[in-house]
Amino acid sequence: MSKKATETGGKKGFIKGAVIIAVGGFIAKIVGALYRIPLTNLVGGHGIGLYQMVYPAYCILLTISATGIPSSIAKLTAERLSKGETDAPLFKTAMRLFLLIGGVGGITLCLLAPILSAAQGSREVTAGYFALAPSVLLVSAISVFRGYFQGRNDMLPTALSEITEQVIKVGIGLVFAYLYRDDVAKAVVFLLLAVSVSEGAALLLMWALYRRKKKREQPCQAAGEKASVKGILRLSIPVTFSAMLIPLSSLLDSVLAVRLLSKYATDAVALYGLFAGGAVTVINLPVSICYGIAAASVPSVAEAKARAEMGATGRKASVRRRIYFSLGITALVAAPSALALYAFAQPAVKIVFRSLTAEETTTLVRLIKIFSISALSLSLVQTLSACLTAQGKPKFAALSMGVGVVVKTGVYALLLQKAEISVFGLAHATNLCYLIAFLLDFIYNIIVSRQRKEKTG
């Protein structure tokens, strides 16, 4: 097969995988966004604020035990398959490793629950942390399955599991919200329990799909090297650390930002809830769609790199082209989305968040308009980070996001002290965070590309 035909086939496979995950992510996010309409009506702004206060700590532990798994396992799987080796040892080792890590994460969340709820000034959310704890273990296992399938360029299981999570969470969550609508604190606890139930359902689905694939698979591949725990961790830890920075920053926000806002705002929790539960939720819709592009980039770039290491020609150009192709597709999706969010923020808020007061609606519309640029910058950061992981260079992505988070925290710590800026300072600071991370990642990719060109003459 010619080099041109190989590249064309690679692009078709890449686009197919990206579209499948994007559609799955879009459906899941739409379901989640629609969920906010009756949910906000039932528990109100204060209930949404309590709900969002629990999520940052959960997301940190979830990131440690699960977020770095799909991309790292996908890279290692793609490399093994490109060499004609079986990925069975890798899957078994990864599953044992991350089940252990996920179990520790769940227990840790339970132990930290009283401390975190006290620090947030809302002891009523302690039980919410307990309700979410099983999800840390469940998502760890789900993530290994996702990495396994993504490494084989099979994106459908990931999409199906994401949709399953949302549908089950919404169905059970609305029932609980209605039953306990007169007791907001109790309603929030059961809403968080619905998350754990949904993850259990998604795990059962992934297990069934895995068993089905194994029965159909012909064992014709070479055994290859035994999977190394050290090798898996060497790749997944930097990815995990990079992903962990956002929820870690959100956890700090839920404490520091709320305390700063409370100096002049009558309901600082509600203000924070408008940003974290409203603006961030809306902006994450296009970002989640672009996640499909990032996920598809990992096996695509990793395969090109692995084939080159076996002696294939045109390695540098092939890897470079696949990275720039991924970025181009990301920008084509994310840029119009960012413009649409800015232009249609007001009607979107009125449709999705109908129970908000006039003042809350005005605040959320302005937050979305300010924050809309992050739909583009965060999507690009997501794709660049995936490409760096596929090349075995995830550390710089973690470093660039770390720099962005530090700048963000310092900026909003100054801005939020001014009542005239209020919560909008948090949106401006977060925009700056993602812009810095994108620029640093992009510049690093240019430098690496030039170094490769010089080496190859």
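Helices here are DSSP runs of H or I with at least four residues, numbered from the N terminus. The model is predicted, so local features need pLDDT of at least 70 and side-chain atom pairs count only at pLDDT 80 or more, while totals for chains, interfaces and linings use all residues. Residues are numbered from 1 along each chain as its sequence is written, and side-chain values use heavy atoms, with hydrogens and water left out.

Q: In which helix does T389 lie?
A: T389 belongs to helix 12, which spans residues 374–390.

Q: Why is T389 called buried?
A: Buried means under 20% relative accessible area, computed with a 1.4 Å probe on protein chains only; because T389 has a relative accessible area of 4%, T389 counts as buried.

Q: What does T389 touch, not counting residues up to four places away in sequence?
A: Contact means heavy atoms within 4.5 Å, and T389 touches S71, K75, L235, V239 and P394.

Q: Why does C290 count as buried?
A: The relative accessibility of C290 is 0%, and therefore C290 counts as buried.

Q: How many disulfides does the count come to?
A: A disulfide is a pair of cysteine sulfur atoms within 2.5 Å, and by this rule the count is 0.

Q: Which residues touch the most other members of the largest nonpolar core?
A: A nonpolar core is a set of buried Ala, Val, Leu, Ile, Met, Phe, Trp, Tyr and Cys residues joined through side-chain atoms within 4.5 Å; in the largest, of 84 residues, Y58 and L109 touch the most other members. Helix 1 (residues 3–67) gives the most to this core, with 15 residues.

Technical notes:
Buried < 20%, exposed > 50% of the residue type's maximum accessible area, 1.4 Å probe, protein only. Helix = DSSP H or I, 4+ residues; strand = E, 2+ residues; numbered from the N terminus.
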